[in-house]
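Here are my notes for your first look at this model.

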Amino acid sequence: MRVTRYPRIRERLVPALASRLINEIRDLAVTVTNLPTVTLSPAPYDNYLLATALAGSADFLVTGDKRDLLPIKLFEGTRIVTVREFLTLTGRLG
């Protein structure tokens, strides 16, 4: 929800649509607890994303973090991809 308030996001996603998408994600989301300790990312504050992916056995971690997360590419079976890559891989983008 916090990210939808970033100026770069707001210029592409109107607040009403952002709220609807957040509600849809909540309906589909799987809550994970007892996150493992992960220290792989060069940016320590990103390690919780890797821990969440691991705990949830995620197939994909979709991010725009070109500096820290995307270079990892694969973490414990989770592919780290951009939105465009994800849409292409899942057949939602030509």
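1. Start with glutamate 76. Is it buried or exposed? It's exposed, because its relative accessible area is 62% and anything over 50% gets that label. You'll find glutamate 76 in the loop between strand E2 (74-75) and strand E3 (78-81). Check its backbone too: phi of glutamate 76 is near 50°, a positive value in a residue other than glycine. Before going further, keep in mind that this is a predicted model.

2. Serine 57 isn't a glycine either, and it has a positive phi of about 50°. Serine 57 belongs to the loop between H3 and E1. With a relative accessible area of 59%, serine 57 is exposed.

3. Now zoom out to the whole chain. How many helices and strands does it have? The count is four helices and three strands. Read from the N terminus, the order of the elements is α-α-α-β-β-β-α. Along the principal axes, the C-alpha atoms fill a box of roughly 35 × 30 × 25 Å. Of the 94 residues in the chain, 24% are buried.

4. Next, look for the largest pocket. Its volume is about 2,300 Å³, and 40 residues line it. Which of them lie nearest its centre? Those are Val3, Ile25, Val62, Thr63 and Val83. The elements giving two or more residues to this lining are helix H1 (7-10), helix H2 (15-28), helix H3 (47-55), strand E1 (60-62) and helix H4 (83-89). H2 supplies the largest share, with six residues.

5. What is that lining made of? Sort its residues by type and you get 25 nonpolar, six polar and nine charged.

6. Leucine 21 lies in helix H2. Leucine 21 counts as partly exposed, because its relative accessible area is 33%, which falls between the 20% and 50% cut-offs.

7. Time for the salt bridges. How many turn up in a search of the whole structure? There are three. Glutamate 24 is partly exposed, at 37% relative accessibility.

8. Another salt bridge links the side chains of arginine 12 and glutamate 11, at 3.8 Å from N to O. Arginine 12 and glutamate 11 are both exposed.

9. How do the two partners compare, buried or exposed? Aspartate 68 is buried, because its relative accessible area is 7%, which is under the 20% limit. Arginine 67 is exposed, with a value of 64%.

10. Threonine 39 lies in the loop between H2 and H3, and it is exposed at 67% relative accessible area. The C-alpha atoms of threonine 39 and leucine 50 are 8.9 Å apart, and the two residues are separated by 11 residues along the chain. For the other distance, pick leucine 61 in strand E1. Leucine 61 is buried, with 12% relative accessibility. From its C-alpha atom to that of proline 15, 46 residues away along the chain, the separation is 24 Å.

Notes
Residues are numbered from 1 along each chain as its sequence is written. This is a predicted model: local features need pLDDT of at least 70, side-chain atom pairs count only at pLDDT 80 or more; totals for chains, interfaces and linings use all residues. Side-chain values use heavy atoms; hydrogens and water are left out. On a 1 Å grid over the protein atoms alone, a cavity is a set of points where a 1.4 Å probe fits but cannot get out, and a pocket is an open set with protein on both sides within 12 Å along at least five of seven lines; lining residues have an atom within 4 Å of a point. Grid points are joined across faces, edges and corners, and a volume is the space filled by probe spheres set on the points. Ala, Val, Leu, Ile, Met, Phe, Trp, Tyr, Cys and Pro count as nonpolar, Asp, Glu, Lys and Arg as charged, and the others, Gly among them, as polar. Buried means under 20% relative accessible area, exposed over 50%, partly exposed in between (1.4 Å probe, protein chains only). A salt bridge is a side-chain nitrogen of Lys or Arg within 4 Å of a carboxyl oxygen of Asp or Glu.
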